[in-house]
Amino acid sequence: MNYSDILEYAEEAGIKHLSYGKTDKIEGISNKYPFFLISFIPYSLQGKEKYISDRACADIAPFAQANHYAELTARFKKLVSAICIKTGYKKADFRIFSNSPFPEKQMAVKSGLGVMGKNGLIINKTYGSYISIGGVLLPFIPKGLPEMQYNSPGCDKDKETWDDYRQQENTPLCKTCAACITACPTKAITEKGLQKERCIQYYASTHTIVPQEIMEKWGTTLYGCPHCQAACPHNRKDLQEREKISLGRIGSTLPLDILISSSPEHIKQLIKKSTLASSWLDTKTLIRNAIIVAGYLRCKSLSPAIEEHTHSHDSVIRDAATWAKKQIAN
Ligand code: SF4
Ligand code: SF4
């Protein structure tokens with residue numbers, strides 16, 4: 001099959017910004033899949049849907065306000081169907097990914113779609129880091145591969161291995177900029193990159209005890225700490241062609257009283273089909289995040305619900321609630 005046919009089918013499936021690469025030197029990908037296609041959604045930033053103004057809320061970053069991963073997956077499913085009809089391959093011969101355990105950042109760099117920033121995120125030359133990435137592993141290498149469509153500085157398909165990329169100038173779009181280093185409330189970013197054990201977003205998505213010094217700087221994040229991306233000069237462009245996805249749209253805030261006083265089962269129902277309902281994110285982690293926000297904001301009205309969580313069987317929730325209770329009392 002020719003790459004030009006794939007491009008045509010991709011367009012019909014709503015996939016823009018398509019790029020590609022060979023998987024031979026990419027860590028952790030079976031040799032059943034010699035090739036990958038990769039793309040991204042430059043998501044809308046019009047997220048200030050604060051629908052509850054008189055209640056304390058926790059914030060959701062733009063990348064999680066709609067289910068961009070599910071949208072990308074749906075588009076790639078359409079593309080795979082079209083390729084199967086044309087080639088006789090089965091759908092099971094392909095592997096779609098979006099926010100998966102596959103080395104997506106490595107594939108994004110290898111495809112020329114973007115480069116790493118000092119904050120550890122992929123930066124596209126045009127859209128910055130406000131992009132969600134997804135793609136598909138293919139069981140064959142298409143014919144007639146074109147010249148690289150994306151040509152971010154530092155991207156070069158001749159560089160075969162991830163180590164080749166690491167050894168060159170690591171963050172070619174950053175140069176001497178240090179805006180994210182300055183903006184990060186927990187000093188998680190250095191010139192050498194991100195230290196995840198200091199990163200609020202790492203904790204916001206991981207069910208583990210959060211160090212007190214990180215909780216003290218937490219801010220109002222329910223999911224998606226925004227500061228390093230908001231500071232990045234590559235994210236300043238107000239591009240009209242950003243996409244506002246409706247699939248799984250949940251908005252930019254959720255009220256703390258609901259998150260802290262409801263059962264995990266009830267919250268699961270409320271966030272159904274959104275990014276917050278993804279399998280990698282434990283609902284109890286969202287409750288823990290909301291408790292930290294309540295402590296950070298010193299929400300006295302939530303004291304009774306927080307008090308209950310100080311007796312939780314879950315040590316992660318109990319630890320956050322104990323801290324929040326002290327914060328509110330001070
Ligand atoms: S996500 Fe937040 S804590 Fe993590 S590096 Fe960015 S600004 Fe710092
Ligand atoms: S803020 Fe500056 S240093 Fe940080 S990722 Fe963006 S360009 Fe790189």
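What follows is a short chat about this predicted model.

Me: How's the chain divided into domains?
Reply: The domain assignment gives domain 1 (3-45 + 67-167) and domain 2 (194-329). Their C-alpha centres lie 30 Å apart.

Me: And how many residues of each are in contact with the other?
Reply: 19 residues of domain 1 are in contact with 17 residues of domain 2. On the domain 1 side, β2 and α2 each supply at least two residues, and α2 gives the most, with four. By class, that side of domain 1 has 10 nonpolar, eight polar and one charged.

Me: OK, α2 then. What should its span be, and what are its end C-alpha atoms apart?
Reply: Helix α2 covers residues 68-87, which is 20 residues, so at 1.5 Å a residue it should span 28 Å. Its end C-alpha atoms are 28 Å apart, which agrees.

Me: Which of its residues are buried?
Reply: His68, Tyr69, Ala70, Glu71, Leu72, Arg75, Phe76, Leu79, Val80 and Ile83.

Me: What do those pack against?
Reply: The buried residues of α2 pack against α1 (3-12), β2 (35-42), β4 (95-97) and β7 (131-138). Just after α2 comes Gly88, with a positive phi of about 90°.

Me: Switching to the core. How many residues has the largest nonpolar one?
Reply: It has 84 residues, and those with the most contacts inside it are Leu256, Ala290, Ile291 and Ala294. Both domain 1 and domain 2 put at least three residues into this core.

Me: Take Ile291. What's it in contact with, leaving aside neighbours within four places in sequence?
Reply: Ile291 is in contact with Ile260, Ile306, His309, Ile317, Ala320, Ala321 and Ala324.

Me: Now the ligands. What surrounds ligand 1?
Reply: The shell is Asn119, Cys184, Thr186, Ala188, Ile189, Leu194, Cys199, Ile200, Gln201, Cys225, His227 and Cys228. Helices α6 (200-204) and α8 (227-231) each supply at least two residues of that shell. Its residues divide into eight nonpolar, four polar and no charged.

Me: And ligand 2, which residues are closest?
Reply: Gly117, Cys174, Cys177, Cys180 and Cys232 are the closest of the 14 residues that surround ligand 2. That shell has nine nonpolar, four polar and one charged residues.

Me: Where does ligand 2 lie relative to the domains?
Reply: Ligand 2 lies between domain 1 and domain 2, because both give residues to its shell.

Definitions and conventions:
Residues are numbered from 1 along each chain as its sequence is written. Chains are lettered from A and ligands numbered from 1 in the order in which they are written. This is a predicted model: local features need pLDDT of at least 70, side-chain atom pairs count only at pLDDT 80 or more; totals for chains, interfaces and linings use all residues. A nonpolar core is a set of buried Ala, Val, Leu, Ile, Met, Phe, Trp, Tyr and Cys residues joined through C-beta atoms within 7 Å. A residue is buried if 20 or more other C-beta atoms lie within 10 Å of its own, exposed if 12 or fewer, and partly exposed in between; C-beta atoms are placed from the backbone. Domain bounds come from an automatic or database domain assignment. Two residues are in contact if their C-beta atoms, placed from the backbone, lie within 7 Å. The expected span of a helix is 1.5 Å times one less than its number of residues. A residue is near a molecule or strand if its C-beta atom, placed from the backbone, lies within 6 Å of it. Ala, Val, Leu, Ile, Met, Phe, Trp, Tyr, Cys and Pro count as nonpolar, Asp, Glu, Lys and Arg as charged, and the others, Gly among them, as polar.
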